[in-house]
Every structure is written in structure tokens, then in C-alpha cells.
Amino acid sequence: MTTHDDLALLVLEDGRIFRGRAWGARGRTLGEVVFATSMTGYQETLTDPSYHQQIVVMTSPHIGNTGVNSEDSESSQIWVAGFVVRDPARRASNWRASGELEEELIRQDIVGIADVDTRAITRHIRSHGAMRGGIFSGTALPAGAEYMSEYVCESLVRIVQDQPHMAGSSLSQAVSTSHTYVVPAAEDGADNHKRVVAVDLGIKSRTPEQLAARGVDVYVVPQDITAGEILELEPDGVFFSNGPGDPSTAEHQIGVLRAILDQGIPFFGICFGHQLFGRALGFGTYKLEFGHRGVNQPVRDERSGRVEITSHNHGFAVDVPVGEPVVAPFDKGRYGRVEVSHIDLNDRVVEGLRALDIPAFSVQFHPEAAAGPHDGEHLFDQFLSMLSHDKEDASDASAH
């Protein structure tokens, strides 16, 4: 029998409890329990701000074998609320490793659980949907927890059920930068003399690096920036990043985006930025049953028929009819026609939008490939081609 000191419990809001071994920091953590299907790139997953307030279950059974290093983090800290793995590596075995994964989890006070049946957890979430949960270990476990008494189970489930739902949560302010900073164009890249303002809703470091590598100066700005402040920077284009939370709560950012679209400035959004683009156009968003998370999601480009394997991390989607272009409903069609550019082949969720009468497009997936395949990196080139046209020609560029 696992001793009280080694025991950890993953408790779901529907009363399901998984028993495992304490791993990482000890204590209590609460969040939405989701699963990620990535076989590699766990360090990028851990440091992705989009996972703020989420307990991530890794479906790949063996985690930690490459340790951690100083190069692969996508932000300055680990953002997941908790980490669930089946078989953690006993030691790192990789020439790039500078430390052990569990040691880093402990250093950043991330509560985890190991030696649990992650397949069973994943199947449960797929059947019942992503739900609130908690990991409890160490002093957060009541006396007698190792015997799984009815009282212990009820008390922990009540704690989980008392936390807020992800739907209705506004989280970008918790993960965004507090000040503007510049990622300059790479010295070995083409000097395009272009400036992009990237609104940080939970941006990953590789995203501005992708633009900088193409000769663009990237001004990364806080999520609460105003449209006037963006225009004062005289951008050639505006980018909205990925991030956590419910897009229906982001009224300020949606208003800012509409002001940018009104100016005819080229726009590119990914993930949360894609959802805000959809809402700015007048479409709704909805919460997916269990979301898309991982680096092996098949997405089809509706215009070319090409299938790309892409990186995802989202629990919400845009509600737009797939098929022929439609007039965006906001303000009686102010922004003209819009078409669905990409769909997910697993469930036909909308994965991209392309405006046909203004220079703007977005995708739900992560083209920066951190971690993940490089199939979508060409979208940064598409955005760059929009910046290279005069504003009166930019809407033509957005369709190619």
C-alpha cells in the first residue's frame, strides 16, 4: 500500500478519483483537467501560457527522458496548474539536458501525480468532457486518505466543485507582458523594414522569433493596450497571439481588433487570436467537449486540399458555417465576405478564417511549431506578403 507521504490523488468534479504517486511539488492544485497527445515537447507544453489554470494529462506514457534545458521553454515559467504522467523517467538522458524534469517542477512549485492510468483518465475525459479537477498530496491530503474513506472522497470532491469553470474565465491579463518590448529583426534575415505589433494574450517566445527571422521588427505589447496606442506605433501589421480563457470575455481586445480592421491594417491571429477575430467579425464561439491539445492534429486547407499536421492547444472554437463564403454578420457586413480556410479532419471544427474583402486571416492551430511539426510555418510568409502590399492591394494579398 502507498504510504500517506507518497500518495497523490487526482480528483475530478464528477467524483471519479485516480490514485497515484506524488511527483513534483507536494500540496494541492486545482484547474481544468485536459489531455495532450504530444509524444515530444513536454517542456514547451509546460511553459505555454495557454495552459494557465489547466491540469495537463500527458497521453504519451514515458515523460521526462530528455530532462529540461535552457532553450526549449516558451516563456519565463511553467504555466500548467498541475501535471499528470504515467511513467516518469528515472533520470534524464539527453545531451541537451541541464536538469531533471521533476526537480524543475519542484523548483517552480508545480504539483504533479505519477503512476496513474493516463489512458483511463483520457478515455474518461473523452467520454464526459474536460472538467474541473484537483491533485492532492502531502499535507493537502486529509488523514486517512490512504484508505480512501468515503468522507475523504466527499471532502476533496467538494473542494474541486467549488472552483470556477473555465467557461466565462478571463485569463489573458494573468499571462500577458506588463510592458512593451521589441524583438528586433534577425541580423541574418532579409531587412524588410516592416513593423508588426503583437498583442500578447499569452504569446509563446517562438512566435515573434518567427517574424523576426523574416526581417520584421516585432513590438510585443500588453493585452490591455488600446487601439490608439497601437496606431501610435505605426504598424505595418497587427498580430494577436494564443492565450488562455474564454474568448467571450475579451470585449476590450475585440473592440481593439475592430478598430485595427477599420484602418485596413493587415491582421493575423492564431489560437485565442483566431477566436477573437471570429468574434470581431460577428460570429459566436463555443466550448469544445474536450478540446484539441497536442502536436499531431490533422488540418485540411480548404482551398488547396492539402492536409497539414499541426500543433493545438484550445478548448473553444469559432462557430462559422463551412462551405461557401458568407458575409460577416457584424454591423450588417462591415467587414465583407469571410470563408473557412481550414478544418480539423477529426471533428470538422473550424481551424482557420480568411477575410476576402479586408487584409486579415487567422488559424486556430500554432504555426510557430513549438513544439510540433513545421507544416504551418508558411503562414508567417503569407502574413509577410500582406505587409509588402499597399493597403489598397492588401485584401487581394489575403486571398493568396
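Buried residues have under 20% relative accessible area, exposed residues over 50%, and partly exposed residues lie in between (1.4 Å probe, protein chains only). The model is predicted, so local features need pLDDT of at least 70 and side-chain atom pairs count only at pLDDT 80 or more, while totals for chains, interfaces and linings use all residues. Residues are numbered from 1 along each chain as its sequence is written, and side-chain values use heavy atoms, with hydrogens and water left out.

**View 1. Residues listed by UniProt under "binding site".** An unreviewed UniProt entry lists Ser50, Gly243, Gly245, Phe272, Gln275, Asn313, Gly315 and Phe316 for this feature. These residues span 267 residues in sequence, yet no two of their C-alpha atoms are more than 13.3 Å apart, so they gather at one spot. The lining of the largest cavity includes Ser50, Gly243, Gly245, Phe272, Gln275, Asn313, Gly315 and Phe316. UniProt positions are given in the numbering used here, feature names are shortened, and annotations may be inferred rather than shown by experiment. A cavity is a set of points, on a 1 Å grid over the protein atoms alone, where a 1.4 Å probe fits but cannot get out; lining residues have an atom within 4 Å of a point.

View 2. Glycine 245 is buried at a relative accessible area of 9% and lies in the loop between β13 and α8 (251-262). Helices (H or I, at least four residues) and strands (E, at least two) are DSSP runs, numbered from the N terminus. Leaving aside neighbours within four places in sequence, glycine 245 is in contact (heavy atoms within 4.5 Å) with Met166, Ser169, Leu171, Phe272 and Phe316. Phenylalanine 272 belongs to helix α9 (residues 272-280) and is buried, with 3% relative accessibility. Among the residues that phenylalanine 272 touches, not counting those up to four places away in sequence, are Leu201, Gly243, Gly245, Asp246 and Gln364.

**View 3. The salt-bridge network of Glu71, Asp72 and Arg96.** Salt bridges link Glu71, Asp72 and Arg96 in a network; a salt bridge is a side-chain nitrogen of Lys or Arg within 4 Å of a carboxyl oxygen of Asp or Glu. Arginine 96 meets glutamate 71 at 3.0 Å, N to O. This pair links distant parts of the chain, with arginine 96 in the loop between β7 (87-88) and α2 (101-107) and glutamate 71 in the loop between β5 (62-63) and β6 (82-84), 25 residues apart. The salt bridge between arginine 96 and aspartate 72 has an N to O distance of 2.8 Å, and these two residues are 24 residues apart. Arginine 96 is partly exposed at 27% relative accessible area, glutamate 71 is exposed at 61%, and aspartate 72 is buried at 18%. The count for the model comes to 18 salt bridges.

View 4. Glutamate 104 forms a salt bridge with arginine 107, the closest N and O atoms being 2.6 Å apart. The two residues are 3 residues apart in helix α2, and are therefore separated by about one helical turn. Glutamate 104 is buried, with a relative accessible area of 19%, whereas arginine 107 is exposed at 61% relative accessibility.

**View 5. Helix α10.** Of the 10 residues of helix α10 (residues 378-387), 7 are buried, so the helix is largely enclosed by the rest of the structure. The buried residues are Leu379, Phe380, Gln382, Phe383, Leu384, Met386 and Leu387.

View 6. Most residues other than glycine have a negative phi, and most peptide bonds are trans. Glutamate 234 has a positive phi of about 50 degrees; this residue is in the loop between α7 (227-232) and β13 (237-240) and is exposed at 62% relative accessibility. Arginine 348 has a positive phi near 65 degrees and is found in the loop between β18 (337-344) and β19 (350-355). The peptide bond from alanine 370 to alanine 371 is cis, with omega near -15 degrees, and alanine 371 is in the loop between β20 (360-363) and α10.

Terms used: On a 1 Å grid over the protein atoms alone, a cavity is a set of points where a 1.4 Å probe fits but cannot get out, and a pocket is an open set with protein on both sides within 12 Å along at least five of seven lines; lining residues have an atom within 4 Å of a point.
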